Amino acid sequence: MTRPANPRPWPRMTDRHHGDPDRVAIILPGGGYTPARPLLHLARVVLAHHGWSVQELWWTPPDTGDLDERATWVVGQAVAAVEAESAKRVMLVGKSLGSLAAPVAAERGLPAIWFTPLLFHPTVVDALGATEAPTQLIGGGGDHSWDPRLADDLGLPCLELPGADHALENADDPVRSAENLVRVTRCLHGFVGGL
């Protein structure tokens, strides 16, 4: 499904998948990785299987090279999305740029799933180190944003896919890329089922 370009730098909060109204997961996409892409689509499928409602954010981040400005924008979008919910339980699920909302999850005690979190950004690392809520990290061994030693030092559950890139794919091996999706889905199923 192709989405029309959104000229404004804010999310379109139109894609909601209804389940339990007291449990809502908010999908925070990457800079160019939409909720329709495989990792976030499978996260939605797993969450729906476990009865969660899912709110997908579709956004066009501000066109700036300053990651700190983008982080401020992402945090603002995440806070607005969380505060728009009346559910008793809210979870954040983010990919790459979406992981810049890790401080929101940590400060509010929200469970979270972070795909390819930006482990080179200090606010992400500090938030992951401070969180007390259930948090799952998923990264690729060939991804520039993933630091396996740091991910391990954070003491959070981690799934690392050897050689996988920032999309958690292996560019030279489509079968292995598909196997990565199976591993991710099993990990998500276990994590969400344990909440």
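Predicted model: local features only at pLDDT ≥ 70, side-chain atom pairs only at ≥ 80, totals over all residues.
Which residues are exposed on the other side of H4? Residues are numbered from 1 along each chain as its sequence is written, and side-chain values use heavy atoms, with hydrogens and water left out.

Back to helix H4, residues 122-130. Val124, Val125, Ala127 and Leu128 are buried there, where buried means under 20% relative accessible area, exposed over 50% and partly exposed in between, with a 1.4 Å probe and protein chains only. These four sit on the same side of H4 because they cover an arc of only 165° around the axis, taken from the directions from the helix axis to the C-beta atoms. And our answer: Pro122, Asp126 and Gly129 are the exposed ones on the other side. Helices here are DSSP runs of H or I, at least four residues, and strands are runs of E, at least two, numbered from the N terminus. The buried residues of H4 pack against helices H3 (102-108) and H5 (148-153), and strands S5 (112-115) and S6 (135-140); contact means heavy atoms within 4.5 Å.

Now please look at H2. Its buried residues include Trp73, Val74 and Gln77, while Thr72 and Glu83 are exposed on the other side.

Last stop, Thr34, in the loop between strand S2 (20-28) and helix H1 (38-49). Thr34 is partly exposed, with a relative accessible area of 30%. Leaving aside neighbours within four places in sequence, Thr34 touches Pro29, Leu40 and Trp58.
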